[in-house]
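This briefing goes through one protein model by topic. Please look over the sequence and the structure before reading on.

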Amino acid sequence: MKKQYIVTSLFATLVLGVLSWAGMRPVLTPGKIEGKGEEFAYVIETIGETALVHVEWNVNDPQAVHQYKAASHRRALELIQEGQNRRIDVQITFVRPVPLSVVREKVAQTGTTVYDYLMVGHSPEDRRVTSIYLGPISPEAPDILQISFPNGENAGTLVGVMVLRGSVETMEASLGKWLSDPSVFLVDTTGVEVRRLIAERHAAAISKRSVEIVLHSPFWNLDW
């Protein structure tokens, strides 16, 4: 049985990202739009000038994870094979926590633009703790971080990066390098496919709206 966890977010603007990483999502309005892609479903929620798209799949089912990984890997390879060398959004989940300095080096080698990244660790009671940080990754940031509650009490120690969101170029030296990295569990480019599908199927709903994609990650069920 997994121990209780603490989620600490340093940036209120990333609440939606925290919810998706934790396997949760906000309550949707009755006017939601649903659809399906290869090994995933999606739900569109329109909020003013924003269309929030939740990509849904069962991160707790090993078979579903295997199928989603395979489909996502295939989609990423197809993007490279197109030869357009365009920049796309990507979410990278590591096999286990990777030291911040190592991730920083991988980011530099692949020309990745970092939007935000999730660090993980444990509390003094050995409960899991997480915290989100906005990119780019500071060259002064230490590999091990101590975090505190608002009252100053020790909340735990973060030991490495588990999920990273950013953008890469669809070429071997960038996206391809992440795909072949043994420290990576999942390179998720599903957002590219979702944007294509909703543009074809729901053009009226997203017209004149900014589309935001919310991806899930199976990081919680991995070894950390």
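Where does Asn 85 lie? Asn 85 sits in the loop that runs between H2 and E5. The model is a predicted one, and the protein in it has six helices and eleven strands. Of its 224 residues, 48% count as buried. Among contacts between residues at least 6 apart in sequence, 73% join residues at least 24 apart.

**Backbone geometry in the loops**

- Most residues other than glycine have a negative phi, and most peptide bonds are trans.
- Asn 85 has a positive phi, near 50 degrees, and is not a glycine.
- With a relative accessibility of 43%, Asn 85 counts as partly exposed, because that class covers values between 20% and 50%.
- Asp 126, in the loop between E6 and E7, is another residue other than glycine with a positive phi, here near 65 degrees.
- The relative accessible area of Asp 126 is 40%, so Asp 126 is partly exposed.
- The peptide bond that leads from Gly 135 to Pro 136 is cis, and its omega is near 0 degrees.
- Pro 136 belongs to the loop between strand E7 (128-134) and E8.

**Helix H2 and its contact with H5**

- Helix H2 covers residues 62-81 and helix H5 covers residues 190-201; their axes come within 9 Å and cross at roughly 80 degrees.
- H2 and H5 are therefore roughly perpendicular to each other, since angles of 65 to 115 degrees fall in that class.
- On the H2 side the contact is made by Tyr 68, Ser 72, Arg 75 and Leu 79, and on the H5 side by Thr 190, Val 192 and Glu 193.
- By residue class, this contact of H2 with H5 has three nonpolar, two polar and two charged residues.
- Gln 81 is also part of helix H2, and at 64% relative accessibility Gln 81 counts as exposed.
- Gln 81 and Glu 172 are separated by 91 residues in sequence, while their C-alpha atoms are 9.2 Å apart in space.

- Four strands make up an open sheet in the order E2-E3-E4-E11, and the pairing is mixed.
- Which strands stand at the edges? Strand E2 (33-37) and strand E11 (210-214) do; each has a single partner strand, so one side of each is left without a neighbour in the sheet.
- From one strand to the next, the twist averages 25 degrees.
- E2 and strand E3 (residues 40-47) run antiparallel and are joined by five bridges.
- Gly 37 is placed opposite Phe 40 in E3.
- H5 packs on this sheet and touches E2, E3, strand E4 (50-56) and E11. The direction of H5 makes about 65 degrees with that of E3.

**Pairing around strand E9**

- Strands of a sheet pair through backbone hydrogen bonds, either parallel or antiparallel.
- Strand E9 (residues 154-169) runs antiparallel to E5, and eight bridges join the two. Val 98 stands opposite Val 161 in E9.
- Nine bridges connect strand E6 (residues 113-122) with E9, again in the antiparallel sense. The bridge partner of Thr 113 is Ser 167 in E9.
- Strand E8 (residues 145-148) pairs with E9 over four bridges in the antiparallel sense, and Ser 148 stands opposite Asn 154 of E9.
- How many residues lie between E8 and E9 in their hairpin? There are five, and Gly 152 in the turn has a positive phi of about 95 degrees.

**Gln 91 in strand E5**

- Gln 91 has its place in strand E5, which covers residues 87-98.
- Is Gln 91 buried or exposed? Gln 91 is buried, with a relative accessible area of 3%, because the buried class takes values under 20%.
- A polar atom of the Gln 91 side chain lies 3.3 Å from the backbone oxygen of His 216.

Key:
Residues numbered from 1 in each chain as written. Predicted model: local features only at pLDDT ≥ 70, side-chain atom pairs only at ≥ 80, totals over all residues. Heavy atoms only, no water. Axes fitted to C-alpha atoms, helices over the stretch in contact; angles between N-to-C directions. Parallel < 35°, antiparallel > 145°, perpendicular 65-115°, else oblique. Contact = heavy atoms within 4.5 Å. Nonpolar A, V, L, I, M, F, W, Y, C, P; charged D, E, K, R; others polar. Buried < 20%, exposed > 50% of the residue type's maximum accessible area, 1.4 Å probe, protein only. Polar contact = N/O pair within 3.5 Å; in protein donor to acceptor, adjacent residues only side chain to side chain. Pairing = 2+ DSSP bridges.
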